[in-house]
Amino acid sequence: GEAPADDDDENKNKVGGEKDDRNEKKVEGSAEVSADAFGVGAHTDSGYLSLLLQDDVGGLQVMNGAGEWIDAPPVENTLVVNLGEMLQLATRGYYLATPHRVLPPGTLRARLSVPFFWNPKLEYVCEPMDLPPSVRWTRRAGAPTAASGSAATLGDGEKKKKNRLLEAYGANALKSLARSHPEVMARHHPDLVVLQDGTVARRAKTS
């Protein structure tokens with residue numbers, strides 16, 4: 001008889017496929033270190049959508065449309081919503097991934113945040129949608145698009161890094177890991193190198 005149909009082909013470009021691929025994690029600081037020991041550098045999330053529940057310690061900042069960092073203070077009974085790079089790709093840059101960062105806390109209190117990342121399966125390949133003519137493009141000239149990457153920059157005095165967005169989610173997630181945790185990549189993946197545009201490639205073999 002005929003072999004059964006391969007469901008993987010049917011589901012590979014679904015956001016979640018047949019399984020629930022939600023990704024949750026808890027990030028907790030420590031009160032045993034100095035107040036300026038920790039922070040999170042400027043970045044955009046690699047998936048579609050991120051929801052964040054934060055405590056009252058604060059420190060989260062987002063970049064507004066003018067390229068300025070503004071505070072996102074904790075508001076009781078609310079969630080912070082950040083758009084991700086997959087949504088920027090899917091809408092051809094109409095919606096931009098939200099650049100955000102966390103400043104080092106000015107207190108010895110632990111900062112507790114609980115993020116929920118709505119990410120596709122690693123095999124997912126983003127297919128940009130065709131926007132209707134009725135959708136007005138209101139962004140200023142020179143603003144980031146899906147082709148030019150995200151708008152996230154590093155802190156003052158640091159070199160701005162390019163951030164090419166990749167349609168294959170697995171590759172895009174690996175790129176974000178490599179950029180955010182270079183020491184981890186160097187230790188566990190010495191055969192890989194991060195290129196100038198932020199993508200990851202195999203390191204050239206030396207004779």
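**Notes on the predicted model**

1. The count comes to three aromatic pairs, where rings of Phe, Tyr and Trp (its six-membered ring) pair if their centres lie within 6.5 Å, with planes under 30 degrees apart called stacked, over 60 edge-to-face and the rest tilted. One of them is Tyr94 with Tyr95, edge-to-face at 5.1 Å centre to centre and 85° between the planes. Tyr48, Trp118 and Tyr124 form one aromatic cluster.

2. A word on conventions: this is a predicted model, so local features need pLDDT of at least 70 and side-chain atom pairs count only at pLDDT 80 or more, while totals for chains, interfaces and linings use all residues. Residues are numbered from 1 along each chain as its sequence is written, and side-chain values use heavy atoms, leaving out hydrogens and water.

3. Confidence next: pLDDT (the predictor's confidence in each residue, from 0 to 100) has a mean of 76, and 68% of residues reach 70 or more. Residues 1–5 stay under 50 and have zero contacts beyond four places in sequence, a contact being heavy atoms within 4.5 Å. Residues 16–38 also stay under 50, yet the model has 43 such contacts for them. Where pLDDT is low, the predicted coordinates should not be read in detail.

4. On to the packing. A nonpolar core here is a set of buried Ala, Val, Leu, Ile, Met, Phe, Trp, Tyr and Cys residues joined through side-chain atoms within 4.5 Å; buried means under 20% relative accessible area, exposed over 50% and partly exposed in between (1.4 Å probe, protein chains only). The largest has nine residues, including Tyr48, Tyr124, Cys126 and Leu165. Helices H2 (85–90) and H3 (169–180) each supply at least two of its residues, and H2 gives the most, with three. Helices (H or I, at least four residues) and strands (E, at least two) are DSSP runs, numbered from the N terminus.

5. Another core, of six residues, lies apart from that one and has Leu52, Val62, Ala72 and Val102 among its members. Leu52 has Val80 of strand S7 as its bridge partner. Strands S4 (residues 49–54) and S7 run antiparallel, joined by four bridges; two strands pair if DSSP finds at least two bridges between them.

6. Last, is Leu192 buried or exposed? Leu192, in strand S10 (residues 192–194), counts as buried because its relative accessibility is 17%. Beyond four places in sequence, Leu192 touches Met185, Val200, Ala201, Arg202 and Arg203.
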